[in-house]
Protein chains: 2
Amino acid sequence: MRRRPVDLPDVPVVVVSHRGPVSFRREADGTRSVRRGAGGLVTALAGLGRHLPDAVWVCAAATEEDATVAREHGGRALTVAFDPHPRVVGPSDDAEDTLQVRLVEVDPERHADFYGVVANPLLWFVQHNLFGLATAPSFTERDHDAFRKGYAAVNEQFADAVATEVEDREGRALVLVHDYHFYLVPELVRRRCPNAVITHFVHIPWPGPSAWRILPREMRGRLLTGLLGNDVVAFHTEGFARNFLLCAQEILGLPVDLAAMTVDAGDRRIEVKHYPISIDVAAFRALAATPAVEDHVRQLREDLAGSGCRLVVRVDRTDPSKNIVRGFRAFGLMLEQHPELVGQVTFLALLQPSRLDIPEYTDYLARIGAEVALVNARHARSGHRPIDLRLEDNLPLAVASYRLADVLVVNALADGMNLVAKEAVVVSERDLVLALSENTGAHQELGAFAVTLHPFDVQQQADAMYAALTMPSARRAEQCRAAARVVEENDVGKWLRAQLADVAPLLAADPSR
Amino acid sequence: MRRRPVDLPDVPVVVVSHRGPVSFRREADGTRSVRRGAGGLVTALAGLGRHLPDAVWVCAAATEEDATVAREHGGRALTVAFDPHPRVVGPSDDAEDTLQVRLVEVDPERHADFYGVVANPLLWFVQHNLFGLATAPSFTERDHDAFRKGYAAVNEQFADAVATEVEDREGRALVLVHDYHFYLVPELVRRRCPNAVITHFVHIPWPGPSAWRILPREMRGRLLTGLLGNDVVAFHTEGFARNFLLCAQEILGLPVDLAAMTVDAGDRRIEVKHYPISIDVAAFRALAATPAVEDHVRQLREDLAGSGCRLVVRVDRTDPSKNIVRGFRAFGLMLEQHPELVGQVTFLALLQPSRLDIPEYTDYLARIGAEVALVNARHARSGHRPIDLRLEDNLPLAVASYRLADVLVVNALADGMNLVAKEAVVVSERDLVLALSENTGAHQELGAFAVTLHPFDVQQQADAMYAALTMPSARRAEQCRAAARVVEENDVGKWLRAQLADVAPLLAADPSR
């Protein structure tokens, strides 16, 4: 018997997300390798799937080898075992903890429109409020085409895959759709599978109606209508959930109940919920103790011992929503206003270059470099560089920096949750002070134990960084421990259990489901 | 006996706005001249004031001569008669239709911070959603200072002037505060005059909470708290009113009732209302028949007869919120996609240069010029210039162009109301087609009789302009007449009467007031 995470009716589960739980690669020696997908969401949901008797994960074939594997299986799901390492198993194999994975192969041109034009940057920019509306966006036929032939077409392809899986299970299943790539999927699946229970989790911010009005009428209408195919639409915060209801009310003219948090579409009532996502605390602490992380800790200790100085850390993708430039500007301002700190504090910025095919992102990366040069030129001392900028994706180094940081800076303009903040506080060895933007979902849980950053106020950020660096050690310890306790109590398991508990009555309500 | 516009209790009225109903000037010959203030608001409220037994208008001394006049009167109100022409009258003068005007002299440096740093561009940009948040704004001590020593200080000065006028009337008065310059005034007046009935009309868009979170905590908190000193806060549309309540709920944590449209602050309940402003139809039609306008009509007819072509018109300030560049781009796209129209249609753009001390505005003006050059270079024919750009403030020419326009383009990104649309339809001689942005307040009243423009969708705008230019004449006539009827029925008198009718019970409710 497999353990079930909550008292869930015995129903098949179909998970849908762009990235999947495994990915295949053709190695230099010609062999095929398979790797576990990264990220908190994948970990959490893979855990769920593996504890259920019948679960299938529908995701994009992300590599050429994924596409080859998909074709070898005729586009149908394959069975993957995870322990001790991920591998494809056959039907006769009696491996435990298996998960079915259906890799959807998408035509590259179509995928480029879907992913590189619509999902990013368009939806990402709308949802993170990143457009300077005086000049952008400016929709032309090219964008409308990208929506219809890219985004909508890929959504149709995924909906078809999902509906096929549900139909294979006699139309009775719990479908868990994830994120901004698949807003049209729920309604399409609903049409073919009226007895499915469908939920959607949106992992990025959901802004109010005026932000959605940036999108052409057809796009915003289809996205909202697509999401109303769900039984439950869920977000990280109550504010995002309320904004979704306001969009249904103002853009579609539907009746909403802002107290009960529901919207009526036709004869169906959709519930709008919020569940703050989190991390797997035990797994993350285990990662923090691996040799790769220990090596970086040793190296960092040596580097810092040389200058005897304190450590400010940030770990982000080079995304304009992360507000990296203002963060450096604030750090420079702090050094200017508190010259006694010059040479005494290093800002280690681990920034993973991101989406460099998009001009806004290369421009932003250039601005980052420019600001770092200015601050370092003004405040360098012999043998000490105020900002240590590392443009790489290095998870062990990131985790090592969490362990040793005195201050962690998260000053995002907008962020659905921000897991960096949650990761750092549970592995800190120096009672780090969290300097946390009020515009992150995480601020709702951790704001009381953090120094709050106002993302647009450079002076306020400079003052807050100074306050963080000069906070008495007893207070640091108290706050860091309190923040860690919050994360320990609200870990990713709780996030998942809360959603499943809420959906259980829906599954039980209609026995025909 | 003076006529009273509604059954209003016999109570003194204090109007507060940045621009006033009159302005003084020292002429070249050394004499002092006095002019009527321009604009619909001033006309409407001056009409109100002149029909009430005791009304005083508190406004900024806008010219040096205004300041001299203010000083001559020891900072107190002066009495102005309007018929047949505006003039200052003495207490013994028995002129009818007088209004008291209190000119508040503001220190120029303080005014520069108040007006040129905070009100424009900061509040204007926040409320019209114009910031590209990846890079701007970036608050420093300079901005905080401008708020405290400029905006707040000027608001205190105005509140002091208002409270003095109310106290001179034994604390019993109806105070009508106007627009984004004076968000702090109501609470300051409330403190000194608890028995006053205070209302505030916000003439520009009120965005949702996330837009206000761009402002530092102190600023947004003080602005909202200032407005909660009112008994009634009013906007042009229900959406703006709802956004205000959401701000009170999410930013201040106050209990709001989104059905009753109220918010509770302390022991007071504030009503949040919406009244779409309009124009004085009769006065505007009279203006359209003046010789100055007739001259321009004749000239325009000659110009157009030469090319025999149709006329698209826009009249705006060169403000990024007006979306001028995308409008020209759409016009160029239409010519590209419908080459048969090249040489057959002229886009007359009367653009009043605006706020050129602000870099964003000079940049935007440059972009306008650049786009016009591109379109004109691509589509010019011998003797015909596709876009006729005139960078001047010329009201008679604007009104003449309304009379002759085939299409009026209003494609604003965001606009509280937009009175150009209302003016044009009541004087059109060619059954103009209104091409109207869905993001204007006016679209709620006139959208049903207009071609709707999506401000960010250049292709859609090009299609809509083409549809407008090729609309069958019977349909044009029908729609234009229907739009004119809406404006005739909902003119500025109705706007004012509705507000006064709603406030009457408040004035009657407490006899101690």
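Reply: In this predicted model, a salt bridge links Arg217(B) to Glu438(A), with 2.9 Å between the closest N and O atoms. Between chain A and chain B the count of salt bridges is six. Polar contacts between the two chains bring the count to 24 residue pairs, with both residues of a pair at pLDDT 80 or more. On the side of chain A that touches chain B, at least two residues each come from helix H4 (141-168), helix H7 (217-227), helix H8 (238-250), helix H11 (324-337), helix H12 (359-379) and helix H16 (458-469) of chain A. The most is given by H8(A), with four residues. Sorted by class, this side of chain A consists of 16 nonpolar, twelve polar and eleven charged residues.

The extent of the interface can be stated in residues and in area. In chain A, 39 residues are in contact with 40 residues of chain B. About 3,300 Å² is buried between chain A and chain B, and carbon and sulfur atoms give 46% of that area. Leu133(A), Ala134(A) and Phe456(A) supply 18% of what chain A buries against chain B, more than any other three residues.

The arrangement of the two copies comes next. Two copies of a chain are related by a rotation about an axis and a shift along it. Here, chain A is superposed on chain B by a rotation of 180 degrees with 0.0 Å of shift along the axis, at an RMSD of 0.0 Å. This is the relation of a two-fold axis. The same surface serves both copies, since 100% of the contact residues of chain A recur in chain B. Among the residues of chain A, Gly132(A) comes closest to the rotation axis, its C-alpha lying at 1.7 Å.

Two cis peptide bonds may be noted in chain B. One joins Asn120(B) and Pro121(B), with omega at about 5 degrees; Pro121(B) belongs to helix H3 (residues 108-127) of chain B. Another joins Ala136(B) and Pro137(B), with omega at about 0 degrees. Pro137(B) is placed in the loop between H3 and helix H4 (141-168) of chain B.

Positive phi values also occur outside glycine. Glu170(B), which is not a glycine, has a positive phi of about 60 degrees. Glu170(B) is found in the loop between H4 and strand S8 (174-178) of chain B, and this residue counts as exposed because its relative accessibility is 77%, above the cut-off of 50%. Asn418(A) likewise has a positive phi, near 80 degrees, and is a residue other than glycine. Its place is the loop between strand S17 (407-410) and helix H14 (419-427) of chain A. With a relative accessibility of 7%, Asn418(A) counts as buried.

In chain B, Asn418(B) is found in the loop between strand S17 (407-410) and helix H14 (419-427). Asn418(B) is buried, its relative accessible area being 6%. A polar atom of the side chain of Asn418(B) lies 3.3 Å from the backbone nitrogen of Val420(B). The side chain of Asn418(B) also reaches the backbone nitrogen of Ala421(B), at 3.1 Å. Apart from neighbours within four places in sequence, Asn418(B) is in contact with Lys322(B), Val410(B), Thr440(B) and Ala442(B).

How values were computed
Residues are numbered from 1 along each chain as its sequence is written. Chains are lettered from A and ligands numbered from 1 in the order in which they are written. This is a predicted model: local features need pLDDT of at least 70, side-chain atom pairs count only at pLDDT 80 or more; totals for chains, interfaces and linings use all residues. Side-chain values use heavy atoms; hydrogens and water are left out. Copies are superposed by least squares on the C-alpha atoms of residues with pLDDT of at least 70 in both. Contact means heavy atoms within 4.5 Å. Buried means under 20% relative accessible area, exposed over 50%, partly exposed in between (1.4 Å probe, protein chains only). Buried area is the accessible area (1.4 Å probe) that two parts lose on being put together, summed over both. A salt bridge is a side-chain nitrogen of Lys or Arg within 4 Å of a carboxyl oxygen of Asp or Glu. A polar contact is a pair of N or O atoms within 3.5 Å; within protein, one must be able to donate a hydrogen and the other to accept it, and residues adjacent in sequence count only if both atoms are side-chain atoms. Ala, Val, Leu, Ile, Met, Phe, Trp, Tyr, Cys and Pro count as nonpolar, Asp, Glu, Lys and Arg as charged, and the others, Gly among them, as polar.
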